Amino acid sequence: MPCLLRSLLPLSSTPKPLLLANSPAYDGPVGSNSPRPKSHHTITAISKTKSETRINNKAEDDYHATLKALNSKGRFPRKSLGQHYMLNSSVNEELVAAADVQEGDLVVEIGPGTGSLTNVLVDAGATVLAIEKDPYMAALVMERFSSLDHVKVLQEDFTKCHIRSHLSTISHSGRDSSGVKPQYAKVVSNLPFNISTEVIKQLLPMGDIFSEIVLLLQEEAAVRLVDSSSGSSEYRPINIFINFYSDPEYRFKVPRTNFFPQPKVDAAVVSFRLKQPVDYPPVSSAKSFFSMVNSAFNGKRKMLRKTLQHICPSLEIEEALVSAGLPPTARPEELALEDFVRLHNSIAKA
């Protein structure tokens, strides 16, 4: 089979990824003056035991193995699917460490690609449910981990799948060393950038089944989602949404040189520790609350008594603002989550 990806990006021109301190995987690009890697590792998990799997797969996921895996399916990275493959195993290890994945944890991975992050999750002792939209990549990951009963691969679009049903099925095999099923699952994913906001909106209200969501996102989006506060130019309804359902944290930056093909932007890892439903801010209806928030930001520079007048008359909005301890001329960018909660509750009582 012809090597399709060599014509896409010559090996001699491939930038060397920036490695973290303990990276075992990267040998450098193969060019005319560069040494060849000492060995070629296969893409298929062939070990018979879990411990042997960890040893044999440890150094597979560098640039050369990624090319080999993609070529085995005759695949080019697809821009429409946001496919950028991680070349640095140390980044995957940091991603798994950020989620504190332990032996027996049940982990959902969205977009496993060639299975490099899946491999690290398996090495940490997790039961993995990998959901891949691309049928060729799904087949590749199925083949790679076909010998392991604690890796399940679904060829589905995550944004359309019934994740609760799938988790209910797989959780029967996800037990820790004491034989007890994990109470909550985790999500750990090198997420395609083009679906990040949609996935976050889908996952964060699931605090009843997930404890931790750790995602690799476009860095600019990561900063905007985590660090934006009321009064900033980047403040949006999504910030209210994120803080309503979780406690977000920016973890670390991942330079673009760690991906193939190399994107135009750097990435960053963000964790979202999900709140339990009992800990959500006290609103009578989350649906009506977010409807109000979205309406408020339809005219970001306008006063709330104008943007919310379709809910009730401007005078009543002003009275609700005052009742919530806010000025009657308040604008949406000036309100923090707790301010919106008080305003919503004041309007609901009116």
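**Figure 1. Strand 3 and strand 4 pair side by side.** In this close-up, strand 3 (residues 127-132) and strand 4 are joined in the parallel sense over five bridges. The model shown here and in the views below is a predicted one. Within this pairing, A130 stands opposite V153 of strand 4.

Figure 2. Is S196 buried or exposed? Its relative accessibility is 10%, and because buried means under 20%, S196 counts as buried. Leaving aside residues up to four places away in sequence, S196 touches L191 and L217.

**Figure 3. D100 sits in a loop with a positive phi.** D100 is found between helix 4 (89-98) and strand 2 (106-110), in the loop that joins them. Its phi is positive, about 50°, although D100 is not a glycine. The relative accessible area of D100 is 46%, and the residue is partly exposed.

**Figure 4. Helix 10 is largely enclosed by the rest of the structure.** Why is helix 10 described in this way? Eight of the nine residues of helix 10 (residues 237-245) are buried, so the helix is largely enclosed. The buried residues are P237, I238, N239, I240, F241, I242, F244 and Y245. The elements that cover them include helix 8, helix 9 (219-227) and helix 11 (286-296). Helix 14 (337-349), strand 7 and strand 9 are also among the covering elements.

**Figure 5. Y245 and Y280 form an aromatic pair.** A pair of aromatic rings is described by two values, the distance of the centres and the angle of the planes. The structure holds 11 aromatic pairs. In the one formed by Y245 and Y280, the rings are 4.9 Å apart centre to centre, with 90° between the planes. This arrangement is edge-to-face. The pair links distant parts of the chain, with Y245 in helix 10 and Y280 in the loop between strand 9 and helix 11, 35 residues apart. Both Y245 and Y280 are buried. The two tyrosines also belong to one aromatic cluster, together with F241, F244, F289 and F290.

**Figure 6. C161 and C312 are two buried cysteines.** C161 counts as buried, with a relative accessibility of 8%. C312 is buried as well, and its relative accessible area is 11%. A disulfide is a covalent bond between the sulfur atoms of two cysteines. How many disulfides does a search of the whole structure find? The search finds zero.

Technical notes:
Residues are numbered from 1 along each chain as its sequence is written. This is a predicted model: local features need pLDDT of at least 70, side-chain atom pairs count only at pLDDT 80 or more; totals for chains, interfaces and linings use all residues. Side-chain values use heavy atoms; hydrogens and water are left out. Buried means under 20% relative accessible area, exposed over 50%, partly exposed in between (1.4 Å probe, protein chains only). Contact means heavy atoms within 4.5 Å. Helices (H or I, at least four residues) and strands (E, at least two) are DSSP runs, numbered from the N terminus. Two strands pair if DSSP finds at least two bridges between them. A disulfide is a pair of cysteine sulfur atoms within 2.5 Å. Rings of Phe, Tyr and Trp (its six-membered ring) pair if their centres lie within 6.5 Å; planes under 30 degrees apart count as stacked, over 60 as edge-to-face and the rest as tilted.
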